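Please view the structure first.

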Amino acid sequence: MRATTWDVLDTAYAAGIRWVDVARSYGKAEEFLGGWLETRDPDDVTVSSKWGYTYVGDWKIDAPVHEVKEHSLDRYRAQYRETRELLDGHLSVYQVHSLTEDSPLFQDIRLQEALAELSAEGIRVGFSTSGPRQADTIRRAMALDVSGQRLFSTVQSTWNILETSAEDALREAHDSGLRVLLKEVLANGRLVIRPPVAVQTLASKSGMQPDALALAAALSRPWADIVLIGAVSPAQLESNLAAAKMCLDERELLVPAGLSISPERYWAERSALPWT
């Protein structure tokens, strides 16, 4: 797994990718990335990670629980220590993992103050979102400040041509100075394995695969600063990167835009996906 991870990272770096996103709950992601950074020693890679979930699946696909969420001061302090040990000075952005409107973080002043202290170490504070109320969470998080300074400087949210409900809030975040990262732009594989007919048709007309079309749609958003991908092999990564060569005109963009479904339906269908 380490060798495969390093192959993907080498291919990504050679292709010009300079942002890598991991999390405490992504198995050994921080450990594998930290080893690659130490060995390759690039000086131009931005690393973001996330805290708030603990991986407890013990590498068993059939584990009853794979990760446990906790947005508390103790969990933050413990996981930040772990992240620092593994990434050894390479961390640029530390994000609250899957912030939602009901997170205790919004009432926990001590936690907010502890997060704000990261700026003294040159680390930006961010958050990721999930669920059907992403837009509400983004707007509420943007309003948080500590000692008159806005707490968050980055936001990572799900956006794809099926789930576009956070678009206006993400545009507002971008316009107000936050760096916007898009995740799950392939809808956890749904836009690759069983793409809607309109996506397949447009991709075929453009001489591209559906994954490239979905990624090109995300890259075309002027408010999107970073588009994250989750390739698991160099071949998959190279297929994804074909999106960078694809230009969608306004007429073509209307086709993906018309595919969006309600966030409630999208997240219900997502929760029913088989995970491996």
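Which helix and strands each supply at least two residues of the lining of the second largest pocket? They are helix H4 (109-116), strand E6 (124-129) and strand E8 (149-150). Helices (H or I, at least four residues) and strands (E, at least two) are DSSP runs, numbered from the N terminus.

This is a predicted model: local features need pLDDT of at least 70, side-chain atom pairs count only at pLDDT 80 or more, and totals for chains, interfaces and linings use all residues. Residues are numbered from 1 along each chain as its sequence is written, and side-chain values use heavy atoms, without hydrogens and water.

**The pocket**

The second largest pocket has a volume of about 160 Å³. A pocket is an open set of points on a 1 Å grid over the protein atoms alone, where a 1.4 Å probe fits, with protein on both sides within 12 Å along at least five of seven lines; lining residues have an atom within 4 Å of a point. The volume is the space filled by probe spheres set on the points, which are joined across faces, edges and corners. Among the lining residues are Leu115, Ile123, Arg124, Gln149 and Phe152.

**The helix pairs**

| Pair | Axes come within | Crossing angle |
|---|---|---|
| H1 (residues 2-14) and H10 (residues 234-241) | 9 Å | roughly 30 degrees |
| H5 (residues 134-142) and H6 (residues 167-175) | 8 Å | roughly 20 degrees |

Axes are lines fitted to C-alpha atoms, for helices over the stretch in contact, and angles run from 0 to 180 degrees between N-to-C directions. H1 is therefore roughly parallel to H10 (an angle under 35 degrees). H5 and H6 are likewise roughly parallel to each other.

Contact means heavy atoms within 4.5 Å. Asp7, Val8, Thr11 and Ala12 in H1 meet Pro234, Leu237 and Glu238 in H10. In the other pair, Ala135, Ile138, Arg139 and Met142 of H5 meet Asp168, Ala169, Leu170, Glu172 and Ala173 of H6.

Technical notes: Parallel < 35°, antiparallel > 145°, perpendicular 65-115°, else oblique.
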